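Welcome! Please take a look at the sequence and the structure below, and then read on for a short briefing.

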Amino acid sequence: MKTVDEKLTDLRRSFHRDPEVGFSEVRTKAKVAQQLRAFGVEMHEGIGVVGVLRSGGGNRTIGLRVDMDALPIWKSSFHDYISKNDGVMHACGHDGHMTMLLGAAEILANEPDFDSKVVIIFQPNEEHGLGARAMIDGGLLDRFPLDEVYAIHSLPGAPLGELFTRVGQICTSESLFDIEIRGQGGHASMPHVGVEAITVRAEIVQALQTIVSRKLAPRCGAVVSATEFLTNGQRNVLPETARLNGDVRTRLAQDRQDVECFMRQIVDGIAAAHGVGATVAFNTGSIETIDAPGPTEAVIQASRNAGLDTIPDRPPMSCSEDFAHFCAAVPECFLLLGNGTERPYIQPLYASDCDFNDALLPIGAVFLAQLVRDRLPKKGPHDAVTAPQSAYRTHRSEPR
């Protein structure tokens, strides 16, 4: 007979073996749904997977959200549960996040000593910043109104189980820019005949670096990075067009808006100076993640009550998280749990040998279950577990 910890490890490794990228999490969703049915949890399928636990007659609702998607990264690990899907792997801990939440769901389903409702959300496509908005735009919060919502993420290199959070801004926004330059190509031996796009592109790249260093406040935390350069040039052919793609991170919405404004000014000015055409596309996938005071203080207190080492004032991080779209609609807290200080658990997220620490699974599951119990009133002696009630593609939890 396997222990609970061994069952969680097996489940996490099964997710790790079969990763799927954003909005393609077909087998992952099926596996999550199978687990929820086994626990007797009311289950709903749509853009993602939603489980609902009802107990007693209370009217408060707590949401717990995790991400499901993997990354288009080739694995370099050699353990016995490596990804079987070439070019795709869980390199950001989402396999562990799903498992921790399923572990918490089983705990709460087996001991429903809370009075109200818990909504557990398995969200697709976090990596491209599209999944949260898709679920919200699809009516998630209308069908399942939440009083507050929580999300958890592993943190490589931090002591195992140490909890990090903060009131206020904890993750930056992420915006992607695409600059197209249209000049006049020609022969490499006669650049004076036209206006080739590479030189203009190089000038724009250099000028973009002045946005953070000269146009925003010092230590604002903004980052502007050019990441990709494409042209229609050849060995001896000067390109007529060039595309410059990149990534912007900001801690404040005003800084994000200012970066876009300055970028457009720079591109328009340099293009005019060289007599070429240029366009700028600037799209924000994940806005800034802002932890609300009430839920964050609740996480800090629950962490201390659980005996976890707690860092309540973690400095803001330069990474983004599309959970931010939940925080724009519902009071929330985004928290991190240390993944351990030994290899491979110190490998950075997105590394080809990154791996989730299975020892963290029971810690996260128990903590999430305790957080729910702390935030919901206790069930009275005469309260009963209510029957599932929903018309939204509900799959009843009884075995078939």
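F23 sits in the loop between α1 (4–17) and α2, with helices (H or I, at least four residues) and strands (E, at least two) taken as DSSP runs numbered from the N terminus. This is a predicted model, where local features need pLDDT of at least 70, side-chain atom pairs count only at pLDDT 80 or more, and totals for chains, interfaces and linings use all residues. Residues are numbered from 1 along each chain as its sequence is written, and side-chain values use heavy atoms, leaving out hydrogens and water.

**Loop residues**
- F23 is not a glycine, yet its phi is positive, at about 65°.
- F23 has 44% relative accessibility, so it counts as partly exposed (buried is under 20% relative accessible area, exposed over 50%, partly exposed in between, with a 1.4 Å probe and protein chains only).
- Y350, in the loop between β16 and α11, has a positive phi near 80° and is a residue other than glycine.
- With 42% relative accessibility, Y350 counts as partly exposed.
- P344 lies in the loop between β16 (332–338) and α11 (360–375), and a cis peptide bond with omega of about 5° joins R343 and P344.

**Helices α2 and α3**
- T28, V32, Q35, L36 and F39 in α2 meet M98, L102, A105, E106 and A109 in α3, where contact means heavy atoms within 4.5 Å.
- Of the 17 residues of α3, 13 are buried, so α3 is largely enclosed by the rest of the structure.
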